[in-house]
Amino acid sequence: MGGKSFGKAPDGGGSPGPGDCDGSGRERARRRGQGQLEAQVLAALHEAPGPATAAWVQERLGGDLAYTTVMTILSRLHAKQAVTRERSGRAYVWVPAADEAGLAALRMRRVLDGEPDRDAVLTSFVSALSAHDEQLLRALLDRATTDGPAPADAPATTGRPAAPMEPGTGPAPRRHHTSDEARGG
């Protein structure tokens with residue numbers, strides 16, 4: 001095998017071990033996942049006294065991320081509708097549109113939207129819920145039915161506690177969804 005040399009691990013294997021250098025003499029930084037970086041950027045924006053620049057976010061995160069990385073994360077969050085932005089001179093200022101729970105809800109909706117069999121995914125998800133989560137979901141669905149459907153751009157969480165549920169209530173009836181008609185259901 002020709003090409004790139006990967007160095008030797010402390011045990012004599014072919015992969016570098018923890019703390020090894022990356023070939024340039026620098027110790028390799030531990031890589032953070034995209035979701036973790038998004039959460040850190042959102043947390044920084046929530047701490048901001050107002051709209052924040054990417055440079056402010058970068059500084060708040062300790063400056064160990066490149067400015068372009070912070071901009072990429074902010075752009076991804078904007079595409080996911082988790083942050084809003086507004087021009088301020090030649091730069092943008094950023095404001096969180098969702099909290100961490102809202103961001104998780106956006107990710108869950110995107111995963112669901114990407115699946116060809118929504119019914120199977122939802123069935124599997126609901127069948128794996130704990131009793132407490134199932135009760136909370138029932139209360140939220142009941143409240144949504146009573147209050148009417150929420151607008152598509154409404155926040156994912158209302159901040160209000162869920163209404164108490166009657167013990168022993170049966171499964172919620174299957175609700176008709178306009179996408180059911182498109183699938184012939």
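Let me begin just after helix 3, where Gln81 takes a positive phi of about 65 degrees. Helices here are DSSP runs of H or I with at least four residues, strands are runs of E with at least two, and both are numbered from the N terminus. This is a predicted model, in which local features need pLDDT of at least 70, side-chain atom pairs count only at pLDDT 80 or more, and totals for chains, interfaces and linings use all residues. Residues are numbered from 1 along each chain as its sequence is written, and side-chain values use heavy atoms, with hydrogens and water left out.

Turning to helix 3 itself, Val70, Ile73, Leu74 and Leu77 are buried, that is, under 20% relative accessible area with a 1.4 Å probe and protein chains only, where exposed means over 50% and partly exposed lies in between. These four cover an arc of only 100 degrees around the axis, which puts them on the same side of helix 3; the arc is taken from the directions from the helix axis to the C-beta atoms. The face turned away from that buried side carries the exposed residues Thr68 and Ala79.

Next, Leu42, in helix 1 (residues 34–47). Leu42 is buried, with a relative accessible area of 0%. Beyond its neighbours within four places in sequence, Leu42 is in contact (heavy atoms within 4.5 Å) with Leu77, Ala82, Val83, Pro96, Ala98 and Leu103.

Finally, the strands. Strand 1 (residues 83–88) and strand 2 (residues 91–96) run antiparallel, joined by six bridges; pairing requires at least two DSSP bridges. Arg85 stands opposite Trp94 in strand 2. The two strands form a hairpin with two residues between them, and Gly89 in the turn has a positive phi of about 70 degrees.
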